[in-house]
Amino acid sequence: MPRRKDQILKLATELFSRDGYDKVTVKQLADGCGITEPAIYRHFASKEALFSEVLESLSARINCDDLFAKLEGEVEIEVILSGIAYHVIEFHSENADLYRLLLYSVLAGHERARHVFEIVRGTYVRFLIKQLNRLCHQGTILEKNNEITARCFVGMVFDCAQGRTLFKGLQGRSYRASDVIDNNVPIYARGLKA
């Protein structure tokens, strides 16, 4: 039974990220899994419940523990910013479906969208705020509104990740993660240093 549920979740993640919530049908999911529609409903009360579980399962895929442990006591703001930027860009390059699902859930006004957004982006923002507060207290960076600073930096990096994964080929030249980071992180870091 658990394997069937996992199979349904996997296919639902693929279809919802490719086609969006509104275009995917329970029949499509059942056919793709080789089961009947009532079999889908044995595992999920509704299509909405299935979509909620797909969104919730995404949070388990984001693991920043090693990155945050490595950067926790770092004294150079540029190293912290670079570490976060590389993690975001590389993770989203390998998990483009996560970003598409986040966008679809926000655009559709799904009730879980805010929760997923906070997990996907908020995890990085909260960590960066904590590090900015620490470095500000130590006097190595200027005192600013650290929430705005963190949200803007993470937003810039997510925009780069989005451009590389979702809009590949639509924006002209495609840059490597290192090109983006090597160009932008020093600019951001210089503006913060005391």
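Mentor: Let's begin with what counts as an element: helices and strands here are DSSP runs, numbered from the N terminus. With that in hand, note that we are looking at a predicted model.

Trainee: Thanks! In which order do the elements of the protein run from the N terminus on?

Mentor: They read α-α-α-α-α-α-α-α-α-α. In numbers, the protein has ten helices and zero strands. Its C-alpha trace spans about 65 × 35 × 25 Å along the principal axes.

Trainee: What share of the residues counts as buried?

Mentor: The figure is 46% of the 194 residues.

Trainee: Now a helix pair, please. At what angle do helix 6 and helix 9 pack?

Mentor: Helix 6 (residues 77-94) and helix 9 (residues 146-165) pack at about 30°, and their axes are 9 Å apart. Angles under 35 degrees count as roughly parallel, so helix 6 is roughly parallel to helix 9. Their crossing is right-handed.

Trainee: Which residues make that contact?

Mentor: Helix 6 brings L81, I84, A85, V88, I89, E90, H92 and S93, while helix 9 brings F153, V157, F158, C160, A161, R164 and T165. Sorted by class, this contact of helix 6 with helix 9 holds ten nonpolar, three polar and two charged residues.

Trainee: And how do helix 7 and helix 8 cross?

Mentor: The axes of helix 7 (residues 96-107) and helix 8 (residues 113-138) come within 9 Å and cross at roughly 145°. This crossing is left-handed. On the helix 7 side you find L98, Y99, L102, S105 and V106, which meet A113, V116, F117, V120 and R121 of helix 8. The classes here are eight nonpolar, one polar and one charged.

Trainee: How should I read aromatic pairs?

Mentor: A pair of aromatic rings is described by the distance of the centres and the angle of the planes. In this protein the count comes to seven aromatic pairs. One of them joins F16 and F51: the centres are 4.8 Å apart, the planes make 85°, and the pair is edge-to-face. It links distant parts of the chain, with F16 in helix 1 (residues 2-19) and F51 in helix 4 (residues 47-61), 35 residues apart.

Trainee: Are F16 and F51 buried or exposed?

Mentor: Buried means under 20% relative accessible area. F16 has 0% relative accessibility, so F16 counts as buried. F51 has a relative accessible area of 1%, so F51 is buried too.

Trainee: Which residues do ring pairs link into a cluster?

Mentor: Those are F68, Y124, F127 and F158.

Notes. Residues are numbered from 1 along each chain as its sequence is written. This is a predicted model: local features need pLDDT of at least 70, side-chain atom pairs count only at pLDDT 80 or more; totals for chains, interfaces and linings use all residues. Side-chain values use heavy atoms; hydrogens and water are left out. Axes are lines fitted to C-alpha atoms, for helices over the stretch in contact, and angles run from 0 to 180 degrees between N-to-C directions. Helices (H or I, at least four residues) and strands (E, at least two) are DSSP runs, numbered from the N terminus. Angles under 35 degrees count as roughly parallel, over 145 as roughly antiparallel, 65 to 115 as roughly perpendicular and the rest as oblique. A crossing is left-handed if the near helix is turned anticlockwise from the far one by less than a right angle, and right-handed if clockwise. Contact means heavy atoms within 4.5 Å. Ala, Val, Leu, Ile, Met, Phe, Trp, Tyr, Cys and Pro count as nonpolar, Asp, Glu, Lys and Arg as charged, and the others, Gly among them, as polar. Rings of Phe, Tyr and Trp (its six-membered ring) pair if their centres lie within 6.5 Å; planes under 30 degrees apart count as stacked, over 60 as edge-to-face and the rest as tilted. Buried means under 20% relative accessible area, exposed over 50%, partly exposed in between (1.4 Å probe, protein chains only).
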